[in-house]
Amino acid sequence: MSKSGELPYQRVLLKLSGEALAGNSGFGIDPEKAAYIAQRVREVYELGMQVAIVIGGGNLWRGEPAAKLGMERSTADHMGMIATVMNGLALQDAIERLGIITRVQTAVQMNSIAEPYIRLRAIRHMEKGRVVILTGGIGTPYFTTDSAAALRASEIDADVIVKATKVDGVYSDDPVHNPNATRFGRLAYQDVLDRHLRVMDTTAFTLCQENEMPIVVLNFWNPDDLVKALRGDTSVGTLICD
């Protein structure tokens with residue numbers, strides 16, 4: 001890897017929804033989507049940045065709707081955690097096909113499949129040039145993968161969380177329904193709260209605010225936006241920080 005001293009970030013945590021891996025039906029794992037994600041990860045890796053990834057499991061299982069239909073919430077959420085491990089393994093395969101060594105760690109122990117999540121080991125992997133995929137949420141029910149991303153980013157001393165979405169930043173209103181909605185290039189944490197903007201769930205966002213963890217929201221499906229944002233280009237995405 002090349003040196004990245006001139007870049008604004010050295011260690012990045014990429015937060016992906018499970019749906020990022022899904023095909024047109026919204027469910028399952030699409031190998032082409034996995035290959036697309038792997039290519040974006042390689043571009044960041046080749047900048048010289050250390051990369052961690054937190055991925056959701058909504059393409060395979062969603063615990064909250066199941067709980068509303070009567071399933072015990074803890075059971076539903078544990079199934080969701082296992083789904084994130086499946087996604088992590090699929091993503092590991094796609095990234096390693098590009099020649100990048102990758103490790104999957106999980107907060108739900110599956111020792112024959114993935115490493116247990118150990119903070120210092122995750123950091124050491126990144127220092128050695130490996131991409132680390134952090135799965136299993138935080139290992140307990142009632143927490144989203146947004147919260148897992150906020151917690152893990154703080155634990156591994158990441159410089160920024162990149163929240164990968166289908167929208168090119170945070171807007172003053174829903175840009176789909178309001179063509180006059182404007183994109184914010186930069187926001188303070190308090191601005192997000194005052195304007196009631198939906199960036200992450202409340203627990204995750206509060207954790208980022210308390211730990212002064214910057215958040216970049218961008219359209220992951222615009223191929224150039226991720227690298228541009230991580231180079232400090234404010235023409236793409238929205239940066240949330242103090």
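Here is a quick tour of a predicted model, going from its sheet to its helices and its core.

**The sheet**

Let's start with the strands. Nine of them form an open sheet, in the order β4-β3-β5-β2-β1-β6-β10-β11-β9, and the pairing is mixed. At the edges sit β4 and β9 (186-187), each of which pairs on one side only.

Now look at strand β3 (residues 102-106). Four of its five residues are buried, so β3 is largely enclosed by the rest of the structure.

| Strand pair | Sense | Bridges |
|---|---|---|
| β3 and β5 (residues 131-135) | parallel | five |
| β3 and β4 (residues 115-116) | parallel | two |

Towards β5, Gln105 stands opposite Leu134, and towards β4 it stands opposite Glu115. Thr106 has a bridge partner in β4 as well, namely Pro116.

**Helices on the sheet**

Helix α1 packs on the sheet, where it touches β1 (11-16), β2 (50-55) and β5, and its direction makes about 150° with that of β2. Helix α5 (residues 145-155) lies across β1, β2, β5 and β6 (160-165), and it runs at about 175° to β1.

How do α1 and α3 meet? The axes of α1 and helix α3 (residues 73-96) come within 8 Å and cross at roughly 60°. That angle is why α1 counts as oblique to α3. The crossing is right-handed. On the α1 side, the contact is made by Ala34, Ala35, Ile37, Ala38 and Val41, while α3 brings Leu91, Ala94 and Ile95.

Helix α3 also holds Asn87. Is Asn87 buried or exposed? Its relative accessible area is 0%, so Asn87 is buried. Leaving out residues up to four places away in sequence, Asn87 touches Gly18, Leu21, Ile29, Ile55, Gly56, Gly57, Asn59 and Leu60.

In soluble globular proteins, nonpolar side chains tend to be buried together. In this model, the largest nonpolar core has 71 residues, and Leu13, Leu16, Ile53 and Ile240 touch the most other members. Helix α1 (residues 31-46) gives the most to this core, with seven residues.

Setting aside neighbours within four places in sequence, Leu16 is in contact with Ile37, Ile53, Val54, Ile55, Gly56, Leu91, Ala164 and Phe220.

Terms used
Residues numbered from 1 in each chain as written. Predicted model: local features only at pLDDT ≥ 70, side-chain atom pairs only at ≥ 80, totals over all residues. Heavy atoms only, no water. Buried < 20%, exposed > 50% of the residue type's maximum accessible area, 1.4 Å probe, protein only. Pairing = 2+ DSSP bridges. Core = buried A, V, L, I, M, F, W, Y, C linked by side-chain atoms within 4.5 Å. Contact = heavy atoms within 4.5 Å. Axes fitted to C-alpha atoms, helices over the stretch in contact; angles between N-to-C directions. Parallel < 35°, antiparallel > 145°, perpendicular 65-115°, else oblique. Left-handed = near helix turned anticlockwise from the far one by under 90°.
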